[in-house]
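Please describe this structure for someone who has not seen it before.

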Amino acid sequence: LILLDMGSINNIPSYDFESTVAYSASESDVLMTLCDGRILYENGTYTSLDEELLRHDAKRVISHYFD
């Protein structure tokens with residue numbers, strides 16, 4: 001389940017929900033995501049990921065290919 005802010009300026013006017021989501025909504029409109037009853041993302045924060053560890057691991061992998 002994805003909760004979107006349909007009142008943001010890029011989603012107005014909205015005559016057809018599906019078209020608005022497909023063509024106007026952006027990642028900044030995502031308020032919350034849920035999966036299997038667990039909140040995965042809320043208010044700009046990933047609740048089930050260690051973002052710092054993810055950044056560290058990504059830098060390590062990228063450095064392997066670009067050094």
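## A network of salt bridges

Glu-51, Glu-52 and Arg-55 are linked in a network of salt bridges, a salt bridge being a side-chain nitrogen of Lys or Arg within 4 Å of a carboxyl oxygen of Asp or Glu. This is a predicted model, in which local features need pLDDT of at least 70 and side-chain atom pairs count only at pLDDT 80 or more, while totals for chains, interfaces and linings use all residues. Residues are numbered from 1 along each chain as its sequence is written, and side-chain values use heavy atoms, with hydrogens and water left out.

A search of the whole structure finds two salt bridges. In one of them the side chains of Glu-51 and Arg-55 meet at 3.5 Å, N to O, and these residues, four apart in helix α2, are separated by about one helical turn. Glu-52 also forms a salt bridge with Arg-55, with the closest N and O atoms 3.8 Å apart; here the two residues are three apart in helix α2, again about one turn of the helix. As for accessibility, buried means under 20% relative accessible area, exposed over 50%, and partly exposed in between, with a 1.4 Å probe and protein chains only. Glu-51 counts as partly exposed at 29% relative accessibility, and Arg-55 as partly exposed at 44%, whereas Glu-52 is exposed, with a relative accessible area of 54%.

## A nonpolar patch

Val-61, Ile-62, Tyr-65 and Phe-66 form a nonpolar patch on the surface, and together they have about 490 Å² of accessible area. Patches are made of residues with over 30% relative accessible area and no salt bridge, where like charges are joined within 9 Å and nonpolar side chains (Val, Leu, Ile, Met, Phe, Trp, Tyr) within 5 Å. The accessible areas come from the Shrake-Rupley method with a 1.4 Å probe, and for residues only the protein chains shown count as cover.

Phe-66 is found in helix α2, which covers residues 51-66, and Phe-66 is exposed, with a relative accessible area of 69%.

## The sheet

An open sheet of four strands has the order β1-β2-β3-β4, with antiparallel pairing. The strands β1 (2-4) and β4 (45-46) stand at the edges, each with a single partner strand, so one side of each is left without a neighbour in the sheet. Helices (H or I, at least four residues) and strands (E, at least two) are DSSP runs, numbered from the N terminus, and two strands pair if DSSP finds at least two bridges between them.

β1 and β2 pair in the antiparallel sense over three bridges, and the bridge partner of Leu-3 in β2 is Met-32. Met-32 also stands opposite Glu-42 in β3. Strand β2 (residues 30-35) is joined to strand β3 (residues 38-42) by four bridges, and the two run antiparallel. Cys-35 has Arg-38 as its bridge partner in β3. β2 and β3 form a hairpin with two residues between them, and Asp-36 in the turn has a positive phi of about 55°.

Ile-39 has its place in strand β3, where Ile-39 is partly exposed, with a relative accessible area of 33%. Leaving aside neighbours within four places in sequence, Ile-39 is in contact (heavy atoms within 4.5 Å) with Met-32, Thr-33, Leu-34 and Thr-47. The C-alpha atoms of Ile-39 and Thr-20, residues 19 apart along the chain, are separated by 24 Å.

## The chain as a whole

There are two helices and four strands in the protein chain, and from the N terminus on its elements run β-α-β-β-β-α. The radius of gyration of the chain is 16 Å, well over the 11 Å that the globule rule gives for 67 residues, so the chain is more spread out than a compact globule. That radius is taken over C-alpha atoms, and the globule rule is 2.2 Å times the number of residues to the power 0.38. Along its principal axes, the C-alpha trace spans about 50 × 30 × 15 Å.

Buried residues make up 10% of the 67 residues in the chain. The protein chain exposes about 5600 Å², of which carbon and sulfur atoms supply 58%. Among contacts between residues at least 6 apart in sequence, 31% join residues at least 24 apart.
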